[in-house]
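Please look over the structure below before reading the report.

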Amino acid sequence: MSVVVEQEGPVLTVTFNRPDKHNAMTFEMYESLAEACERADSDDGIRAMVLRGAGRQAFVSGTDITQFQQFETGADGLAYEQRIAEVLTRLEDVTVPTIAVIRGYCVGAGIAIAAVCDLRVAATSARFGVPIARTLGNCLSMNTYSLLVHHLGPSRAMDMLLRAKLLTGGDAKAAGFVHELCGDDDLARTATAVVGTVLRNSPLSMWAAKQAIARLRRAALPDGDDIVSRVFGSDDFHAAVAAFDTKRQVNWKGR
């Protein structure tokens, strides 16, 4: 199974399970994540939800590029980004605390998934970013841009996006994005300690904080459909998708 959902006591753990593909997300995996959110909210015995990636190389390395091969127009990109935004919002609205446990690559869709979790625990091997300016030439939804600016600030987010930079675990900790940073061998122990803390706290107080902060972020979220449609419908994006598997350099045209 590409997404494994397991419950141990009051903790529901979601594992992205494609280690051979650096846990790149398929459309089916997004649906499985949404279903896990429903499970977390439907069981009163669940008090925390943990998200992790299988293997040691990645949390989530983005959306699997093969999912884009059938895209023909900007409308395809718009439908994709709208569905991803729906899944991210569903995860953001899970009633119990959500904790992302991160080692290796946390990029593209990975950083977006981590950003809507309430707490982030990372190993020093973690790398965060959205390097699409040098890979696919696509763009993000307005919701995802909002998440990056919300957590990193406009200047750091702009630098990361324009220069396709990957932040180290230390960079992310300094920015406040990562709450606990530890060595790779200490990741499980540190995550367990964080989960233990939230299990001891008031569920309603934590739910109220989650909802208030999410609503504050989303209150001024503008429409960005025109941006997504233009970029996903571009010649540059289609050329980059076609070139990705062969590692050919894309000659960006800006159209």
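## The open sheet

Four strands form an open sheet in the order E4-E6-E8-E9, with mixed pairing. Strands here are DSSP runs (E, at least two residues), as helices are (H or I, at least four), numbered from the N terminus. Strand E4 (58-60) and strand E9 (166-168) are at the edges with a single partner strand each, so one side of each has no neighbour in the sheet. On average, neighbouring strands of this sheet are turned by 25° against each other, direction ignored.

Strand E6 (residues 105-107) pairs with strand E8 (residues 127-129) in the parallel sense, over 3 bridges. Two strands count as paired if DSSP finds at least two bridges between them. Val-107 has Gly-129 in E8 as its bridge partner.

## About the model

This is a predicted model, in which local features need pLDDT of at least 70 and side-chain atom pairs count only at pLDDT 80 or more, while totals for chains, interfaces and linings use all residues. Residues are numbered from 1 along each chain as its sequence is written, and side-chain values use heavy atoms, leaving out hydrogens and water.

## A buried helix and the cores

Helix H3 (residues 109-116) is mostly covered, with 8 of its 8 residues buried. Buried means under 20% relative accessible area, exposed over 50%, and partly exposed in between (1.4 Å probe, protein chains only). Among the buried residues of H3 are Ile-111, Ile-113 and Val-116.

A nonpolar core is a set of buried Ala, Val, Leu, Ile, Met, Phe, Trp, Tyr and Cys residues joined through side-chain atoms within 4.5 Å. The largest one has 65 residues, of which Phe-16, Met-49, Leu-51, Phe-59, Leu-91 and Phe-128 touch the most other members. Another core, of 14 residues, lies apart from it and includes Val-101 and Cys-182.

Not counting residues up to four places away in sequence, Leu-91 touches residues including Ile-113 and Val-116. Contact means heavy atoms within 4.5 Å.

## Helix packing

Helix H2 (residues 74-92) packs against helix H9 (residues 225-232) at an angle of about 130°, with the axes 7 Å apart. Axes are lines fitted to C-alpha atoms, for helices over the stretch in contact, and angles run from 0 to 180 degrees between N-to-C directions. The angle makes H2 oblique to H9. Angles under 35 degrees count as roughly parallel, over 145 as roughly antiparallel, 65 to 115 as roughly perpendicular, and the rest as oblique. The contact includes Gly-74 and Tyr-80 of H2 and Val-228 and Phe-232 of H9.
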